[in-house]
Amino acid sequence: MTIRTKRRGRRSLAAILAAMLMASVLAVVAGSPAQAANTSFEVKTDHDNNAATDMVREFAGQDRYDTALRLAKNFAQSKGGLGAVPNAFVSSGETLIDSISVAGLAGYVDAPILLTPSGSLHGGVADFIEDYGVSTVYVLGGSAAVADSVVTAIEGLDGKPKVMRVAGDDRYATATATASMIDANSSWCGTDAVSAVLINGSSDMLSYGVAVQTIAYRLQLPVLMTAADELPDATAEYITENDVEHVEIIGGTGAVSADVEAALTTLGVDTVARVTGDSASAVSVELAKMANNGCNDDLGLVSREHVALVRGNPDGVVAAPVLSSSLESGLLVPPLVVGDSLPASVRDYLAATPKTIGANKLNLGIVAIGGMAAVSQATMDAALTAAASSGALTVQIGANSDTNLDKTINQDDPVRPDTTTTIAVDATTPSSSTGPKFTLYFSDDVAPDLAQMQDIIEINGVPAVIGNAASSIEGGACDKRRVDITLGQPLNAGDVISIVASSATFGTGTDKRTVAPTSTTVTAAAPDRSRPTISIVGIAEASTQRTSFNLSFSDNVALAGTAVLADNEVRLVPGPGGAAAEADSDHAAGEATATVSIGRSLVPGDRLVISPGAVADTSGNVSAGTSGSAIKAQASPRISSVLMSNLKHSAHASWTVPAALVGGAAGDHVIAIGAKPGGDAAGAAGNGWTMVFDRASTYSPAKPLDIDVRVDTKGQRVTVRFNNGPTTATLGDLLAALKANAAFDERFSAGFSNCEDGVATTPLGLLSVRNQSVAASGTGRTQFAIEVNFNAFVDVVSNAELLTDVLTAAAVRTRPNASETLAAGITRIRTEPTTDQADNGLRIVDDLSADSPSLSETVVAATPPTRKVRYEMETALVKNLPMARDLVETEAGTGGGLAVVGPPAIAAFDAVAAVATGYAADAPTGADNTGAQDKVDENFNGASQVRIAVSSSVKTP
């Protein structure tokens with residue numbers, strides 16, 4: 001047999017970074033909050049079509065050979081039954097190691113794996129090859145693993161199958177020979193890099209290979225082998241010859257050492273990652289988490305309703321084809337490695353499976369691979385119990401502020417160093433609110449207890465000094481899933497904050513659970529290494545002759561306040577026909593613009609050269625050397641494109657539901673509701689939503705509590721109807737009903753307005769509830785940016801006229817009724833909010849707090865001349881936003897004021913001061929825009945017709 005060698009090109013740096021990013025994403029996803037499964041059951045089969053007999057395990061063979069046959073038959077039936085399996089693998093049932101390394105190739109050729117004694121062909125294997133029409137049999141390993149007599153016996157079967165032996169000098173070489181037959185650029189989850197899996201090839205480490213087999217089968221990944229502390233030559237040669245760019249190590253350093261990891265990097269592997277765990281069971285759990293979260297897209301459909309328990313040796317070694325494809329109609333079923341009992345890692349994973357899948361309660365099916373000797377009934381019972389009961393709480397650790405600058409404070413914010421002076425925490429100072437802070441994001445409500453927090457929080461492996469632990473107040477509501485921690489010690493870069501395993505339990509009421517361990521590292525913000533940049537604009541042969549270049553400086557953080565562009569840092573290289581001249585800089589310290597005069601009129605080709613280091617930023621980075629040439633003035637600049645950013649919700653609406661509104665006593669506690677950032681009530685859209693509370697006419701206090709929550713997205717209403725229930729129902733019952741509704745929870749967060757004990761037991765007095773409504777606070781705000789691009793440089797921009805053009809289509813589209821005129825609609829869009837942002841207009845913003853040029857400001861100088869005008873805008877009424885494909889249509893500014901084409905024209909829009917030259921002019925000849933056009937008619941904007949496009953290149957404010 002000829003082993004084919006594949007040569008693949010190296011991936012780009014972008015691909016490498018993408019792989020690294022996905023690895024970090026998977027690390028986060030693996031700790032995502034979850035709840036216990038609702039119910040669970042062991043998956044069994046009716047073996048004799050007799051309801052009077054017990055169901056049995058489908059894969060409980062009499063021995064390993066019989067189990068492998070049962071698995072292969074399940075696989076074959078999914079392919080169509082008899083005669084439907086063209087390929088099959090036969091491996092030794094005594095050494096087993098070769099059946100591990102073949103998983104990726106078996107996935108590539110879509111074939112089952114059978115086991116036979118080393119010295120003779122198992123009768124069941126012979127029957128399977130005959131019955132299912134196998135035409136090609138791949139025998140794994142050399143004659144020491146599977147004797148030549150077995151090959152001869154297979155070749156002698158009635159079907160005369162072709163037999164190919166896949167072998168190497170040892171198990172490592174056999175694994176690479178197998179890998180070389182996979183003619184595909186296989187990639188690990190979340191990467192586009194040529195990838196391979198690396199496992200410890202020792203016989204006592206088979207369980208690690210079993211853990212990854214199913215994913216390797218599905219992704220058609222080569223499964224390579226190594227010794228614990230040394231990379232074998234065969235494996236190294238395969239990696240080099242096949243340009244493997246990413247290697248995923250399976251197991252912790254106890255399975256595959258750091259020396260092997262370093263050797264991979266030395267070979268030129270771009271990225272090396274590791275699925276860690278202190279046992280094969282723990283590794284299988286991490287792989288299952290990954291399969292159900294970060295790797296789902298790569299793997300295709302992954303079952304969330306079934307898991308499999310496999311014994312690492314021997315029954316689990318051939319389960320990959322079934323678990324990868326045939327057990328649940330093509331869905332991948334994650335395997336969990338068990339031993340004589342249920343490992344703690346598997347127990348915790350099962351306890352953390354979700355309570356519902358979509359709108360249906362989860363009844364988790366657990367499949368055993370093998371009989372009682374492989375997966376005992378005690379092990380299965382423990383798994384069923386864990387899956388049907390509440391498991392450990394999970395927690396994520398994030399900063400207490402918006403450290404990633406995405407305008408949202410959540411678990412994605414990395415914890416930053418903070419050496420703030422702290423108050424000592426001791427017997428005389430039991431609590432402190434001064435000191436570094438971070439937030440714990442729990443998967444369910446907890447009542448924070450300072451002493452218990454000290455049981456589970458460590459910094460660098462040492463119990464943390466904690467000054468205070470309190471439920472977080474977010475959006476006016478007490479969020480008991482978030483706990484703000486104040487330390488009595490500094491946080492330095494590199495410190496590791498850990499939640500450690502403890503017998504301490506957390507929760508509310510009778511729901512008390514332990515907390516799953518996790519950790520995060522304190523990281524300093526990335527240093528600023530970006531140079532400031534310089535833009536140079538020179539316009540020659542304009543109507544009014546120019547004698548200066550215009551410069552603008554920008555930086556990703558901030559320019560240095562003391563930086564001055566000196567004369568000796570600029571020089572002029574004259575253009576064709578231009579006289580020599582001195583360059584004279586006019587630049588105040590720290591300003592973002594400058595002019596450089598040359599003492600004569602610019603001519604096309606004049607080039608201004610700026611020395612390196614002319615401008616510095618606050619981090620000490622200096623600009624590179626640069627130059628720019630003067631260009632001819634262009635006639636009649638016109639709009640070439642209008643681009644709009646995606647929407648960014650800068651603030652969200654809220655609703656306050658007092659207990660009195662739903663029948664409770666006046667002055668009692670309230671439920672605070674807030675729009676979630678990711679829902680369709682986020683930002684300005686939330687201002688139109690109403691919460692309605694009502695009691696059904698058939699309400700009976702004698703019946704069990706029944707609170708019906710409905711979400712009407714079209715009418716923007718949430719209706720809460722109390723159908724039945726005792727008058728002793730509480731505010732806590734109402735809050736639980738709101739949170740339990742998936743449509744509500746997708747859009748809104750809800751919690752009590754304070755964190756005092758007893759809030760949840762506030763009575764409602766439901767008999768008095770009748771059609772009570774709560775309007776939104778009106779505080780929702782949505783930001784977006786618009787960039788208007790011209791085909792030539794412009795000097796002057798009239799905001800009012802330009803934005804009227806851009807927003808006209810939105811005004812027509814959203815006019816509330818026929819009685820309102822178009823002009824009124826535009827006025828409504830253009831009206832600026834009052835100081836409390838009470839109306840529904842737009843404003844131009846620099847950031848969330850400061851106004852920039854107003855919409856009604858007539859002329860804004862564009863200094864230096866520019867081809868792009870950018871507006872950063874904020875609105876409280878989302879329906880008045882421009883949209884992609886809106887038409888921006890203008891006539892040329894010919895001295896008669898702004899004219900807008902389209903029904904109806906806005907000729908009567910007298911509130912806007914007309915600018916004789918339209919809204920864009922390039923070098924007007926005088927203050928009154930009159931005078932001879934001595935060279936080109938560049939004073940007036942030209943007619944244009946473009947549609948708004950939403951572009952990712954346009955960033956929101």
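Is aspartate 708 exposed, partly exposed or buried, and what is its relative accessibility? In this predicted model, aspartate 708 counts as partly exposed, at 21% relative accessibility. Its partner in a salt bridge is arginine 710, with the closest N and O atoms 3.0 Å apart. Arginine 710 is exposed, its relative accessible area being 53%.

| Salt bridge | N to O distance |
|---|---|
| Arginine 710 and aspartate 708 | 3.0 Å |
| Arginine 70 and aspartate 66 | 3.3 Å |
| Lysine 868 and glutamate 787 | 3.4 Å |

Let's look at arginine 70 and aspartate 66. They sit four residues apart in helix α2 (residues 64-79), so about one helical turn separates them. In an α-helix there are 3.6 residues a turn, so residues three or four places apart point the same way. Arginine 70 is partly exposed, with a relative accessible area of 30%.

Next come lysine 868 and glutamate 787, joined by a salt bridge. This pair links distant parts of the chain: lysine 868 belongs to strand β45 (residues 860-875) and glutamate 787 to strand β43 (residues 781-797), 81 residues apart. Lysine 868 is partly exposed at 41%, whereas glutamate 787 counts as buried at 8%. Both belong to a network of salt bridges that also links Arg870 and Glu872.

Finally, a look at a helix. In α14 (residues 344-351), Val346, Tyr349, Leu350 and Ala351 are buried. Among the elements covering these buried residues are the helices α11 (280-292) and α15 (377-387), along with the strands β10 (306-311), β11 (335-338) and β14 (363-369).

Notes:
Residues are numbered from 1 along each chain as its sequence is written. This is a predicted model: local features need pLDDT of at least 70, side-chain atom pairs count only at pLDDT 80 or more; totals for chains, interfaces and linings use all residues. Side-chain values use heavy atoms; hydrogens and water are left out. Buried means under 20% relative accessible area, exposed over 50%, partly exposed in between (1.4 Å probe, protein chains only). Helices (H or I, at least four residues) and strands (E, at least two) are DSSP runs, numbered from the N terminus. Contact means heavy atoms within 4.5 Å. A salt bridge is a side-chain nitrogen of Lys or Arg within 4 Å of a carboxyl oxygen of Asp or Glu.
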